[in-house]
Structures are given as C-alpha cells and as structure tokens.
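Have the viewer open beside you and follow along.

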Amino acid sequence: MKKIFLLLSLLAAAGLSCLSALTPAEIVDKADKAFKVGRVYSISSLTVYRGNEAQPVQVMEGYTMEKNGKSYSLTIYKEPQRMKGTAMLMIENDLWVRFASTGRVRKLSSSAKKNSAGGSDFSYADMGESGQGLAEKYTPVLKGEEKIEGTACYKLELDAKDSDAPYGKLLVYIAKDDYRYLQVDYYEDNANTKTMKLSDYRMVHGINYPFKAVMVSHVKDSRTEIVTTVFEPDSSKIKDRYFTTGYLKSIR
Amino acid sequence: MAGRRFTDRLLESWGKWSIKHWGKALLMVLGITLVMLYGAAHVRTEMTYYSILPAKEKNVKDLKVITENFPMASAVIAVIDGRNIEDQAEAERKVKAVIDELQEKFKKEPYSRYITRTAGRTDTSLFREHGLMLLKSEDIHRFSKIYSDLSFTGLLRNINNDFESVYSGNGDKLSEDEELALSQFSGLEDLLRLMSQAASGKKVTQQQADAVIDKYLFGNPYLLSNDNRMGLFIIEPNFTMNNIDLLAPGVNTLEKGVKETAAEYGVKAGLTGLTTVGRDEMETSEKGLAVSSTTALVLILLLMIFAFRMFSAPLVSGIPLITGIIWTIGWTGFIIHRLNIVTAMYMIVLLGLGIDYAIHLLTAYTQEKEEGAAFNQAVLHALSKSGNGIIIGALTTAAAFFMLSFSKTEMVSELGIVAGFGILSELAAMIMLIPPLLSYRHHRLEKKGKVDHPLFAKVKINAHAVSGLGSFLVKNPLSIALVMTLVIGGFSLFATKVAIEQNIMNMEAKGLESIKLQDEMSDEFGMAPDGLSILSSSIPETKDLDSRLKKLSSVKRVESIAPYVTTEEEAKERTPAIVDFIQQLSIAGMNSSRVNPELLLDEVYRLEDNFLELSDLAWLGNMKKMAGVLSNATGRNLEGEKTTVSVFDTLGGILEAGRTDTGNLGELQKMIQKSLSEKLKEMSSIEPVTVSMVPPAIRDSYVSTDGNTFLVNIVPTKNPWNEEFRDIYKTQVASVTDKATGMILASDVLNTMAREDGVRSSIGAVIVIFLIILLDFKNLKLALFTMIPLAGSFLVLFGVMGIFSIKFDFVNIIAVPLLIGIGIDDAVHINHRYLLEGKGSMDRVIGKTGTALFLTSLTTIIGFASFIPSPMRAMKSTGIVLSLAMAIAFINSVLLHPAVLVLAVEKLKLSINPWRKK
C-alpha cells in the first residue's frame, strides 16, 4: 500500500546522496532510493491485534505522488463496512478526513499527525511523513553489523537533529546485500517503544518493495500488520486532481 | 584422628552426668526453654513481601513514606461486579445500589472501627465551586464561547463549533479527555431527550432540568467500568499493612461486609489494593507454613519410628527438635524481634536440619546396642563417635548462615542470624536432651522389667544394604569419579541459563482474588496499582512533573493533586478570563422562552453528525466505551448500522414535522438557562484553589498527612511487572525524574541486593567453611577434596534449574547458602568415619554412615519438600529448589566424594592425616 511507501519515504535521506559510497548517509540513501517512486497506486489491508485478538480488517486504497518537492497521498477505506468511503488526504503537513457516515470533510490539526493512525500502531507521521525524508531530521551513524532473521545487516543509529523529528532516535537495519530495510526500532524518551519489521520484498518494475510491514508496540499490548496486495509504481491511476479537498468531498 | 579434644571431654562429661541425673538435666533444659519462651513472646510475624524490602534504599524509604503518610495508598478497594446480570441497565442499577448501601453500612460498627472514610462517589464539591479556576486559560475561553448563548439553538451551535474545532479528529485527544467527554455526551443525550418531551407537549420539571445539567457538567459520580457493570467502592482504612495486628481482622471484616451486601443484591464483590494483597500474602504464607510444618513434622517423626523401630523415637527426637525451634524463636525475639516470610519458612527447614543430629546420635546408639554395648556405654560411644561429626557439621552450617548476617538486605541478614542460631540451638538441644531422654526411657524400661520393646530388639540399622554400595565404590572409584564428573560437566553446560524472577506477582499464591481483581481493575477501570510514584515537595514541582510525565508513551495517565489546585501564577492568569466569563454569562443567562424550531433542527442534526464522526474516530481508536455511547446515542450498533430510533430521530422528527410545542419547549429552555447559569456562576469563583479546599478523599490520595509532600502516581499503559515493558517504563520515567519509586523498583533493588548479598556471603561462607574443615582435619588436601562435591552440587543444581526453567527469586535464593552450609555435612561425616576406620575401609565407612546420611538427607529433603504443596508460589519454588539441592548434594557426597577419597588415598597414595600426625 501507499502508506508503506510513504512510511519508508520517512527514511529517505535526501541530503545524503552526494557523499562517498558506504558512508552511513549513503547506506541510508541507497536503502531509500528503492522507495522514491513518483506515482504509486496500492491496495493494502491493515489489521490491528489487541493482545492476540484481531480487530476488524481495514482495507484501503492508496494514491500517492511527489510533485514540485511536495508529497501527496490519498487513502480511501474499502472495509470494514463502518468505515467504507471514509478517506484521508495528506498534503505535506496538512491532513483532511472525509467521513463516510456524514459525508463531511474535516481538517485535522497538524499535531494529529503524531497520533495513532486508524487506531493502529503506526502514527500518521509513520504512514506518510512529509517528503523531507530522514536526512532532514536525523543524522545517521553506523553502529556495526547485525543479523536480522539470518540476513547480515548494517545497523545504523539515526539521531534526531532537533525536536521537530517525531522520534528521538531510530535504529535501522539495512540488508548488506541489497540495501533493504528489514527492521526499524523507534525510540522515544530513551526507550525503544515500537519496532517495525519489513518483509515479503518483491521486485515490481525494478523496485524492491516490502509487501508486508508489522509494527509491534512495546508500550501497548498491540501490533499492526499492513499487507500490500496491489502495488503499482508510476501508475496511470494517479491523477493530480485526486489530491484536492474538492475531490475528497466527492468520494462516495 | 581427633584424640582427646575439648569437645570430646565436654561430650563425655555431659553424657555421664545427664545419664545419671536425667531429671536434673531435663529441668535445666526446661529452665532454658522458659527463658526462650519469654523471648519468643516478643516475636511478631510479618509475612508480607513489603516487610522484607531493603529499608535503607532511597526508593524503598520513599515507598514506606507513601504507605505511612498517604492514607489512600493503603486504600482497600471493593470491586462490585454485576457482570453476571445480562441487562446492562439492571446491572448498573444494582452496582450503584450496593455502593450506596455500603456507604451507609460502613458508618456503623463493626466496620467503622477500621475505617477513616469511604468514597463510593466522586466528590464534585470542588468543581461546583472552583471548576473554572481549575481549567487552563484556553479552556476558560472555550467555556466562554460555548456558554455565550444559553438558548437551545445558541448552546447547541456553540457546542458543535467546539467539537469541530477542538477535537479536530484527534483520537488521542479524545482518549485523554475520555471520561469528561463521555459525561458531556451522555448529558447532551439526556438534554435532547428532555427537549423531545417538551417539544411533544409533555411537562418537564426544574428538577429534571437540574439533573440533566448536573450530569452534563459534572459527569457520573460513581466510579464505573467501561460497560458500567462494575463499580468501585474505596475504603480508607485506619491501618496500613504495617499494622500486622489489624491487617487480617480489619480486611476480613470489611471483606465480609462487602460480600454480604453484594450477595443481597445478586452481584459479586471482592477486595483488592496494596493492603488487601498484604493480607492475602500474610494469610497464604501462614496457611502454607501451617501445612508445611505439619507435613514435615509428621513425615519426619514417622520416618523416625520406621527407621529406628522405636515407638519412643518421635519423643526422644521430637522433644529436642521442638525445643530447638523454641530456642531459635526465643533468640529471634531477643535479637531481631520479628519473623519475616523467609525466616518463618526457615523454622520448617530447621525441622529437617535439626532432626539430622538426632538421627546421627540414635543411629550410633542403636549400632552400639546392636554390637552388644551396655546402655551407658552405648550412649557415651554414640556421643563420642558421632558427636564431633555433628558438631563440626553444625558449626560449618552455622558459620555459612552467620556469614549472611553481614548482608546489606535485612531479609538476608535476618535469615543469617535466625538460621545460625537455629542450627546451634538444635545442636545444643539434641546433645543436651537425647542422653537424658534415652536414660529416662531406659530407666522406665528397667522399672517395668523390660529390656527393650520387642520391635526395638529387631532393629536393623546395619551396614548390609549400604555396604554393598561401599564395596562397589572401593572396586570402581575411577569409573564412578569419571561418570560423576561427566554428569556434573553435562549439567554445568546449562548452568548459565538460570534466570532471576523479576515479577513478584509470580511469587504470590495462584488464584488470589486480590491479584485477579488488580488485573480486572487495570482492564476495566484503567487503574494499575503497581505503577511508579514520585514524592514531590511543592505544588509547582508536582504540576511540572504531571505535565511532563503525561507525554511519555508508556504512561497512560498521571494522578496527582495538580489538577485540583492552582498556583498563584495560574490564579493570576485565569482570574481575568473568569471575570469576563461571569460578565458574559450575566447577559447570556437572561431567560428567554423563544425557540426557533428550524434553526434548532439544523443544530440538532449537526450535533448528530459530530456524534457520528466522533464515534467513527473512537471506534478506530479502539475506545470501545466511547464508541458504544456515541453509536448508541445515534441509534447505531458498533458496526455503524442503524438499529434503533435515536433521540436525534425523535427530536428531529418533531421539529421537522412542525408539531413542536414551542411554548413548552420555551419553558424548558428557561429552566435549562436558569440551571446552567446558576451552576456556571457557582463554578466561577476567582479564589485561588488551595490544598485545604480539596475534598478529603482526594487530599488523602495525593497530599501527605503533614501537608508537606505531594504524591504523583504514574499509571503505566501496560502491566509494569512485564519485564520488557518495565524497562521502557522505568527508562522513560527516568528521562523526566530520578525520584521515582514503587514496588517494581523496590523489588528490583531487593533482587539485586539479594543476588549481590548471596554471592558475597556465599563466598564468605565457602571461605569460613573451608577454614573450619581445614582446622578440623588439619589437612589441606582433605579440606579441598571435601569441597569438590559441594562445587559439583552447585553446577548440577544450576544446570537442572536452567534445563527446567526454574528461576531464582529473592526467597528461594536461600538455597545457595543452605546448600553451602548443609551440603558439606555428609562429606564431613564420611571424612570423620574414614579417618576413624582407616585406609581400605571405605566399604565399612559407607556401611556405618550411609544409613544415617541417607536418613538425614531424607529428613532434610522432607523439610524442604513440605513447601511444595504451599499455595504461595515463592514457597513452592523454594521447596523444589532446596529439595533438588539436597538430593544432588547427597548423591555427590556418597558417590563422588568417597570415590575421590579412595582414588587419592588408596590409589595415588596421598596422605590425608592431620599435620601433627605426619
């Protein structure tokens, strides 16, 4: 789904591309490049587990694009029935929701981006932070190498540059062989509060994309699985007009 | 080897005198026992984990301050559970009725004698008078906007504006204000219902209008669960868990009262909270100890009858055994004045240890008799042959225990003192009592003209069975040593896997109602009793901590006095906003009976839209209670399907159809305006809110009895005993303050200190024991050989624990010093006998000592194993670990140690003779 794409674009290191090979910045940059795709259409399902109990599956259609240095995303709920037709539009730091139950569009406060998205363990920021990428907010430092589920990985610490970053620190594990992100540990107030694991990488139009992302919260008895079923990079389904509040209002 | 030592002469003198003057000897012991009984009378039993926390540690000191100085920290919480009633409204009604009745019932005897106050409903008096002053300035401005027009249309329009601006689809904000928002939603639903009645021409009263506004402004006064089927009734007792005399009777009385009332209404009820858990710990520990001590005593005495075929064996060994226990409790009374959960357990361990001395003495005595010795000679020979062995055994064991008394933790050092004196008391009681008791028995038998009981005559404590083992050892020492080394080596591979239990709750009895209710309180009421707390020294510090801690992702809620009082700066900042509000209210509150149904209809439907959207957000955010309330109000189920006619439909239908009784609705509007403006005015005091204005139940929760310290409770998002989460929670709280305390930190300190103390005192004990053995045997090689089975026993014990995931905890960790102290005994006895019998006599040594060693080990294991049936899991695990430890030590002592001795002395020709004999 597009949210995974955006989530990973969080890790983008836009300012790190000119450095020499295998510097920490370059490792992050290489890992991010796979996700820097212009226009993506996706369908994914999101399941939140409270304890071991699965909550109703949320199926979402995602549209994303990057244009003039800005990131745009539109997510439309397909399931469950209660949320069907509810849609969320994000343009950089701005967030709007169209409620299917009332047909009204409401603008959310920008602070809401740090909050849980759809009751999941992903925040709105995790789902689709602005297109600035991590390079703007974090400084990468190579912390060695470690195996994640049998795969040799670079272990990098990404320290927040300032208080604007959603997390104080990230630990990312990037596969040495093909620069895939396999795990991200999120730190808040010096503690690892959640961990995301990315798997089921598949090559689509030259892009090695994770079709499964699992976020495990260490401060709540919950985890969230996002499984992408359709991923179309450079998709013709993406139209500029989708990313307007006018279109949002018209969604049925 | 020993020659005529002091102990030999002492034992011989006492033996001769006490056999001859058995009456005087018994009287002498009785005199000592009476003195010790006086000491025992001064012992108090403190059977809670709380009582063994290391009192000198900063966070334990703070924890004790909280327990002693913040009365609500000791609250007994009654959980009224109406979930057995299917109809939700009926369950809620009954739960509330039970709470109301308890409120009255507990004002009377026999309950009132244990109670300072009770709280069944939230005391809203503070908010009724100072509600606005307790709001942030931005919220006072919100209030101003909402209540700038008190007509129905104006009020609903402003409420709608507020919903659409404040929450802004922010699910976390909703969660933060959930209770407040819920009462507002329910109050609004009730208001719309009242409006429907009025609009359809039905008369409504001012009282009904007042009730609706009360609910809207101040919420539900009862402390109810997510689905309103459970309720809490808080009892502030006039005792804490440190008042051991009041703890059980007090909590039991309250529990009986709560359960009886609940049963009358057909619902269930139970108690929880720190004080109740303390009562349960005490009762289950005492129950466990009673079961264990009875089991141990009966089994040991039965074993004595069976082993010695002597019906008087229970008396001959049991009287000194019990006497030794009395003396130990007496010493405890004189020196440390209390028995804690660990030292009380040790009293049962002592049954298994003390009886060993009787077994050694009686075995030697029966063997002498069997070989034809006269009574006096048999007793004296038994004393001389076994006496030194048991004295050295007892001294090594006592030395190991006394080393513990230098520990930092009171729990461990008290164990060291009690255990050390316990061993010495049992040794003294056995040596002082067994000869005169045997003499008395002999005297009685002679008087009756009997030589011995027929069964006793058939006594077969002989060497045949075990000497076979001895012969096997002599023939195959290398094979046995190799096999044993391989076994030890194999187990040692798993030794590093032994873990430490971090969760005290896993050490409690299984199925305790108070513990189960703690979990339910966490799920249903969002309360987590074992969170961290902070003692703050000022209101500004409390407010600062409150606001910073709230932001941590591992923190669900922060409870403190902060929301109930204002600082001078806050009061200064808020006063102008409140003054403006009052002025505006005087205009807005003007009574008007004009209602425009069309405009009102727009706002009613707009409110419905807001309810629907908020309901969607709540559903997505898994806020089931709020999603339920909002969905229900809009006539929908949790799946968002329209299932019933809602109050919006009813009111909307009336307004839309043009059937509105505008006159009647206008009258209601006037009543609502009157009620609302009066209550809002009452809430608008500009007086700064000080601690003295706070209702007692809230004050007792967060302000110390002397008024100088303020408690901040940090409610975690998960059970803080969960190890992974505990680290996150502690780390995040530590990023704000280093002043946190709580049971999880105190138990961590206890675990760390018990572990450090355990290692330190174990090293000390090993050194002291080694020196005693060295001094006793006066041979370095023999002293080293004696330590080998002990080291092997530790490796095997840790290996077994690692394989079966048996954890050490701060109670069963006593296995380490006990194993050092007791595990060495069997090897010491074998050494003594081997030196006595000489080279080439290992088969005879095993034959002579094997039975006694087996019996003593068996009784020790019985003593320990008697903890296994205990309901208290800490006792159960202690029983398992110690039984295992003793069984392993026995096997190593009778297999590995003799094999090593035979190899060293008889194959390698090493000398184990004392230095002076070289």
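**Ground rules.** I am working with a predicted model, where local features need pLDDT of at least 70 and side-chain atom pairs count only at pLDDT 80 or more, while totals for chains, interfaces and linings use all residues. Residues are numbered from 1 along each chain as its sequence is written, and chains are lettered from A and ligands numbered from 1 in the order in which they are written.

**Chain A.** I found five helices and 14 strands here (DSSP runs numbered from the N terminus: helices are H or I with at least four residues, strands are E with at least two). Of the 252 residues in chain A, 48% are buried (20 or more other C-beta atoms, placed from the backbone, lie within 10 Å of the residue's own).

**A sheet in chain B.** I traced an open sheet of four antiparallel strands in the order β8-β9-β7-β10 (two strands pair if DSSP finds at least two bridges between them). As a reminder to myself, strands of a sheet pair through backbone hydrogen bonds. β8 (555–559) and β10 (740–741) of chain B are at the edges with a single partner strand each, so one side of each has no neighbour in the sheet. Next I looked up β8(B) and β9 (residues 710–716) of chain B, which are joined by four bridges. Val558(B) has Ile714(B) in β9(B) as its bridge partner.

**First helix pair.** Which way do α14(B) and α16(B) run relative to each other? Helix α14 (residues 341–370) and helix α16 (residues 410–447) of chain B pack at about 30°, with axes 9 Å apart (axes are lines fitted to C-alpha atoms over the stretch in contact, and angles run from 0 to 180 degrees between N-to-C directions). α14(B) and α16(B) are therefore roughly parallel, since angles under 35 degrees count that way. Their contact has 17 nonpolar, three polar and two charged residues (Ala, Val, Leu, Ile, Met, Phe, Trp, Tyr, Cys and Pro are nonpolar, Asp, Glu, Lys and Arg charged, the others, Gly among them, polar).

Helix α32 (residues 825–837) and helix α33 (residues 842–865) of chain B pack at about 155°, their axes 9 Å apart. That makes α32(B) roughly antiparallel to α33(B) (over 145 degrees). I sorted the residues of this contact into five nonpolar, three polar and five charged.

Conventions. Parallel < 35°, antiparallel > 145°, perpendicular 65-115°, else oblique. Buried ≥ 20, exposed ≤ 12 C-beta atoms within 10 Å, placed from the backbone.
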